[in-house]
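Hi,

Here is the structure I said I would pass on.

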Amino acid sequence: MKRLLVAVSALSLLLVAACGDGAASGGGDASKKAIRIAYQAFPSGDLIVKNQGLLEKALPDYKITWTKFDSGASVNTAFVANSVDIAAIGSSPVARGLSAPLNIDYQVAFVLDVAGDNEALVARDGAGITDVAGLRGKKVGTPFASTAHYSLLAALDKAGVKESEVNIVDLEPQDIQAAWTRGDLDAAYRWLPSLDELKKTGKVLISSRQLATAGKPTLDLGVVSTPFAAAHPEAVDAWRKAEAQALEIIAGDPAAASKAVGAELNLSADDALKQLQQGVFLKPAEISSAEWLGTENNVGKLAENLVSAAEFLKSQQKIDAVPSLDAVRKAIYVKGLPGVLS
């Protein structure tokens, strides 16, 4: 954990140097009309918002900057460095972020998707692995502190395999693909779009949809810096409405959705559509239901989901302490719900 803090501190300095002063670029300064958005390259409504300029249309007076990140761990580092205001990030990294030692001051304000078959554990053809138990003594790649890493640990736990019995390697998405091609990995837990490439020469052992059924669900969430939300509540509302519009496009106009997502991921519209169909996307009204974010009067069960994820991470010695349910409930941004998403 000390090594993690040293790494975070070092990366924070680099991000501050690269992005400049946080308040000057948005942050908690109400007079600075700027939004720094961290996005990730996986099929979601967030890519539609970016591609179609939905937020820019809603907030013409704001300077909006989109920066690509490869994993939730790097997104958390950016928040620590005060270099981002809004981000797409997995539920497991959020659970880490809300826990010690990070204790990041951000809030969950949207559910981008629920992980389904769009994230899975794949064994490479020829590795001699037929089930999760067969990973003992094998080398498995996944981005550490990501939903995929969390799901990998959950899959091992479910199969009765100790983490110490597997050689788990921390690799970013592009590095997993290269190592897979070289034959350096026996298996990998990844998400789309590169997951489809792994499937071409591998076998799916378990998916995040199956783990969700077994009580270990993962999600892709939209989080916002607490100081930014306090200073720019109207911008947060506009962002939530833009994300809700993107969900409606996915449900009602799959051709437009796949075209936008394909353009962002450098995929054909047909391939993008197939990848979108592997995820689980909620209706906007469902997001403010008791199952997910909830409302101002009643925070939803998402808080319990994040605490459960933190408890599992603590049992795996990945965090120092589990935050209280009350603390996590305060980290769910329910201002204006359900009205904002009606």
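This is a predicted model: local features need pLDDT of at least 70, side-chain atom pairs count only at pLDDT 80 or more; totals for chains, interfaces and linings use all residues.

I started with an open sheet of 5 strands, which runs in the order 7-6-8-5-9 and has mixed pairing. At its edges sit strand 7 (167-170) and strand 9 (202-207); each has a single partner strand, so one side of each is left without a neighbour in the sheet. On average, neighbouring strands here are turned by 25 degrees against each other, direction ignored.

Inside that sheet, strand 5 (residues 119-124) pairs with strand 8 (residues 187-191) in the antiparallel sense, over 5 bridges.

Helix 6 (residues 147-158) lies across strands 5, 6, 7, 8 and 9, at about 135 degrees to strand 8. Helix 7 (residues 173-182) also packs on the sheet, where it touches strands 5, 6, 8 and 9. The direction of helix 7 makes about 145 degrees with that of strand 8.

Back in strand 5, take a look at Ala-120. Is Ala-120 buried or exposed? With a relative accessible area of 1%, Ala-120 falls under the 20% cut-off, so it counts as buried. Leaving out residues up to four places away in sequence, Ala-120 touches Ala-188, Tyr-189, Arg-190, Leu-195, Val-204, Ile-206 and Ser-207. As for Leu-198, it is 78 residues from Ala-120 in sequence, yet the C-alpha to C-alpha distance is 10.0 Å.

Next, helix 15 (residues 302-315). Its 14 residues reach 20 Å from first C-alpha to last, close to the 20 Å expected at 1.5 Å a residue. Buried residues in helix 15 include Leu-302, Leu-306, Ala-309, Phe-312 and Leu-313. The buried residues of this helix pack against helix 5 (91-97), strand 4 (106-114), helix 6, strand 10 (219-225) and helix 16 (325-330). Just after helix 15, Gln-317 takes a positive phi of about 60 degrees.

Last, the nonpolar cores. The largest has 102 residues, and Ile-35, Leu-121 and Leu-135 have the most contacts inside it. Helix 11 (residues 233-252) supplies the largest share of this core, 10 residues. There is also a second, separate core of 11 residues, with Leu-171, Ile-176, Ala-179 and Trp-180 among them.

Cheers

Terms used: Residues are numbered from 1 along each chain as its sequence is written. Side-chain values use heavy atoms; hydrogens and water are left out. Two strands pair if DSSP finds at least two bridges between them. Helices (H or I, at least four residues) and strands (E, at least two) are DSSP runs, numbered from the N terminus. Axes are lines fitted to C-alpha atoms, for helices over the stretch in contact, and angles run from 0 to 180 degrees between N-to-C directions. Contact means heavy atoms within 4.5 Å. Buried means under 20% relative accessible area, exposed over 50%, partly exposed in between (1.4 Å probe, protein chains only). The expected span of a helix is 1.5 Å times one less than its number of residues. A nonpolar core is a set of buried Ala, Val, Leu, Ile, Met, Phe, Trp, Tyr and Cys residues joined through side-chain atoms within 4.5 Å.
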